[in-house]
Every structure is written in structure tokens, then in C-alpha cells.
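Dear colleague,

Please find the structure below, together with an account of what was found in it.

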Amino acid sequence: MGTFGYLGRKVLHALLTLLFVISFNFVLFRWLPGDPVLLLARSQHLSREDIAEQIANLGLDLPLPEQYLHYMGDTLTGNFGLSVRSSQPVLDVIGDRIVPTLRLVGLGTLFSTVLGVLIGIKGAWRRGSVFDKTSLYGSLALYSMPEGWLGMLLLLLFGGSVFHLFPAGGVRSPGLEGFAYFVDIANHLVLPVLTLTLGYIGEYAIIMRASLIEMMGEDFVQTARAKGVPDRLVRRHHAIPNAFLPTFTLIFLSFGFLLGGAIVVEFVFSYPGLGQLSIEAVNESDFPLLQALFLISSGAVILFNFLADITYGYLDPRIKAV
């Protein structure tokens with residue numbers, strides 16, 4: 001009953017949070033200053049008939065309660081309407097951009113996680129050593145460094161006039177096929193992925209180091225050492241599995257931001273993902289597209305937060321009693 005009760009509470013919490021986000025999404029884009037249809041008309045010189053048609057398509061001519069009911073029904077059925085700027089279904093527009101973002105942020109999160117955890121483990125286990133001090137100061141510097149500034153620095157060094165080693169922007173070069181096509185995509189990914197990796201590696205290293213240092217002072221670790229268990233086994237079987245729990249939660253939450261994209265990094269490298277699409281939607285006041293992007297990004301965070309809670313509950317059964 002404790003397990004089912006824990007699962008039930010987490011499912012209910014996730015559903016209530018999702019309902020709040022959906023409702024907030026409805027309210028937010030109707031309270032923001034400026035009419036998206038009028039802004040579009042001002043930029044594209046639409047006639048009054050065209051403006052009236054756009055308002056009807058967006059459902060903005062209905063009373064707010066009726067708009068909310070239509071909005072909830074469309075959202076639950078996956079109908080986000082048409083993009084104002086391209087007149088294409090919103091899901092099709094997002095679908096064209098989601099794969100590059102998953103590729104970029106997924107690789108960046110994977111590399112930063114693995115490297116950050118390994119650095120944190122080695123630094124904590126050799127606390128006070130040259131490696132520990134160097135990695136700690138380096139992690140703090142990278143953690144505090146703005147991603148946009150770091151991306152521009154890497155772009156100038158390795159994509160500009162200093163060392164022109166990698167493409168300066170985009171996701172691929174036109175006219176390539178076969179093996180050259182995949183090599184070209186990899187070359188375009190190097191600088192954005194490196195920026196994300198360096199931007200997040202310090203976070204994982206610092207948290208893993210602090211957690212492992214705290215765990216090394218626990219009684220069960222000291223008992224294992226007193227029994228003569230070798231350090232490598234104490235580290236592998238006792239300290240690291242327990243110290244990894246906070247970092248594990250952080251990893252899940254980081255994956256929750258995948259669909260949101262790395263807006264700053266994508267903007268710096270002109271990378272056509274969801275982050276760049278969000279900037280384009282804001283600049284062009286694409287009302288339906290902004291709603292869908294906000295909802296999908298928030299839903300991804302809620303989903304991975306839920307998965308982190310459930311998995312953490314099985315890894316550490318003590319929190320089920322909370």
C-alpha cells in the first residue's frame with residue numbers, strides 16, 4: 001500500500017501541475033500586451049477581412065470561458081492550430097525542429113553528465129590534491145560563465161578567423177549525401193555541443209563532489225574501511241551509489257529541458273532547433289506556435305520530474321514515507 005500510495009500521490013501531483021500549466025498557458029498569452037493578429041497585420045498589411053479570418057481561426061472572437069473550453073479540447077487532442085507566420089500546422093513546424101534540438105542538447109547533456117560525475121568522484125576521493133583544487137576552481141569558473149559568451153568565444157576561436165576548424169553555424173551543408181552527410185552534421189554539432197558540455201559540466205562535478213565528500217563521513221563507509229575493505233571497493237559499492245542520488249535527480253531534470261532547447265546556444269550558432277524557433281515565434285508574434293512551445297517544454301519538465309521522483313523512490317525507499 002505504501003508503494004501504491006506513493007505512486008498515486010506523484011501521479012496526482014503531476015496531473016495537477018500539468019493542468020495548472022495548461023491553464024496558465026491559456027491565460028498568459030491572452031494577458032500579454034499586444035494583439036498577435038494586429039501585429040501580424042501591421043507587418044504583412046492584411047486586409048480587414050483577412051484580420052477577421054485570423055481572429056476567427058484563433059478563436060479570439062469568442063467569450064473567454066468558451067475560448068478556454070475550446071482551448072482545452074484542442075490541447076487534449078493535440079490540435080494546436082496553424083502557425084500564423086507560415087500557415088502550417090503548429091505540430092509540423094515543431095516536428096521539423098525537434099530532432100536537431102534533441103540531437104544537440106541530448107549529446108551536450110550526456111557528455112557533461114559523464115565527465116562531470118567522473119571529475120566530481122575523483123576530486124572528492126582525492127580531496128585536497130592538485131587535481132581536486134584545479135577541477136574545483138575550473139568547475140566553478142565554467143558554472144558561472146554565461147553560455148552565450150562561452151559560445152561566442154568558441155565561435156571566434158574555432159569557427160572564425162583564428163582557427164577555422166568547424167562550421168560557424170547551421171545544422172548541415174547543402175548537397176551532401178551518404179557518409180559525407182553524417183560527417184558534415186557532426187562537424188556542425190561540435191561547437192554547440194562543446195558549449196553546452198562546458199557550460200554544464202561544472203554543475204555536475206560540484207554536486208557530485210560535495211555529495212561524495214558528505215557520504216565518505218557516514219558510519220557505514222567508515223565501518224567498511226575499518227573492516228579492511230579496499231578503498232576501490234568502498235568507493236564503488238558503498239560511497240558512490242549513495243552519493244550519486246542527488247546527481248541522478250539533477251540529470252533527470254536536465255533531460256526535462258531537452259524539448260525547450262538551448263535558446264542562447266542555438267541563437268549564437270544559428271542552429272535551427274526549438275530554441276531558435278522560439279526566438280522567431282516571439283519576434284513574429286506567432287501566437288499559436290508560442291503556446292505550443294511553452295506547453296511542450298513545460299510538459300517535458302513535468303514528465304521528467306515525475307520520472308525522477310518515481311525512480312528516486314525505488315533507489316531510496318526512505319522517501320516513500322515522506
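The largest cavity in this predicted model is lined by Ile-119, Gly-120, Ser-135, Leu-136, Ser-139, Ala-205, Ile-206 and Arg-209. A cavity here is a set of points, on a 1 Å grid over the protein atoms alone, where a 1.4 Å probe fits but cannot get out, and lining residues have an atom within 4 Å of a point. The volume of the largest cavity is about 30 Å³, and the count of cavities of 30 Å³ or more comes to 1. Grid points are joined across faces, edges and corners, and the volume is the space filled by probe spheres set on the points. By class, the lining divides into 4 nonpolar residues, 3 polar and 1 charged. In this division Ala, Val, Leu, Ile, Met, Phe, Trp, Tyr, Cys and Pro count as nonpolar, Asp, Glu, Lys and Arg as charged, and the others, Gly among them, as polar.

As to conventions, residues are numbered from 1 along each chain as its sequence is written, and side-chain values use heavy atoms, with hydrogens and water left out. The model being predicted, local features need pLDDT of at least 70 and side-chain atom pairs count only at pLDDT 80 or more, whereas totals for chains, interfaces and linings use all residues.

The protein chain as a whole has 13 helices and 0 strands. Helices (H or I, at least four residues) and strands (E, at least two) are DSSP runs, numbered from the N terminus. Of the 322 residues in the protein chain, 39% are buried; buried means under 20% relative accessible area, exposed over 50%, and partly exposed in between, with a 1.4 Å probe and protein chains only.

The crossing of α5 past α8 is right-handed, a crossing being right-handed if the near helix is turned clockwise from the far one by less than a right angle, and left-handed if anticlockwise. The contact of α5 with α8 comprises 23 nonpolar, 8 polar and 2 charged residues.

Within helix α5 lies Ser-112, which counts as buried because its relative accessible area is 0%. Which backbone oxygen does the side chain of Ser-112 reach at 2.8 Å? That atom belongs to Gly-108, and the side chain of Ser-112 also reaches the backbone oxygen of Thr-109, at 3.1 Å. Both pairs are polar contacts, that is, N or O atoms within 3.5 Å, where within protein one must be able to donate a hydrogen and the other to accept it, and residues adjacent in sequence count only if both atoms are side-chain atoms.

Helix α6 holds Tyr-137, which is exposed at 58% relative accessibility.

In helix α1 (residues 2-31), Phe-24 is partly exposed at 38%, and its C-alpha atom is separated by 9.5 Å from that of Leu-295, 271 residues apart along the chain. Val-21 is likewise in helix α1, but is buried, with a relative accessible area of 11%. From C-alpha to C-alpha, Val-21 and Ser-298 are 7.2 Å apart, at 277 residues apart in sequence.

Two loop residues complete the account. Ser-83, in the loop between α4 (64-76) and α5, is buried at 2% relative accessibility. Its C-alpha atom and that of Pro-288 are separated by 6.0 Å, although the two residues are 205 apart along the chain. Ser-270 is in the loop between α11 (263-268) and α12 (274-283) and is partly exposed at 47%. Ser-270 is not a glycine, yet its phi is positive, about 50°.

With kind regards

Definitions and conventions: On a 1 Å grid over the protein atoms alone, a cavity is a set of points where a 1.4 Å probe fits but cannot get out, and a pocket is an open set with protein on both sides within 12 Å along at least five of seven lines; lining residues have an atom within 4 Å of a point.
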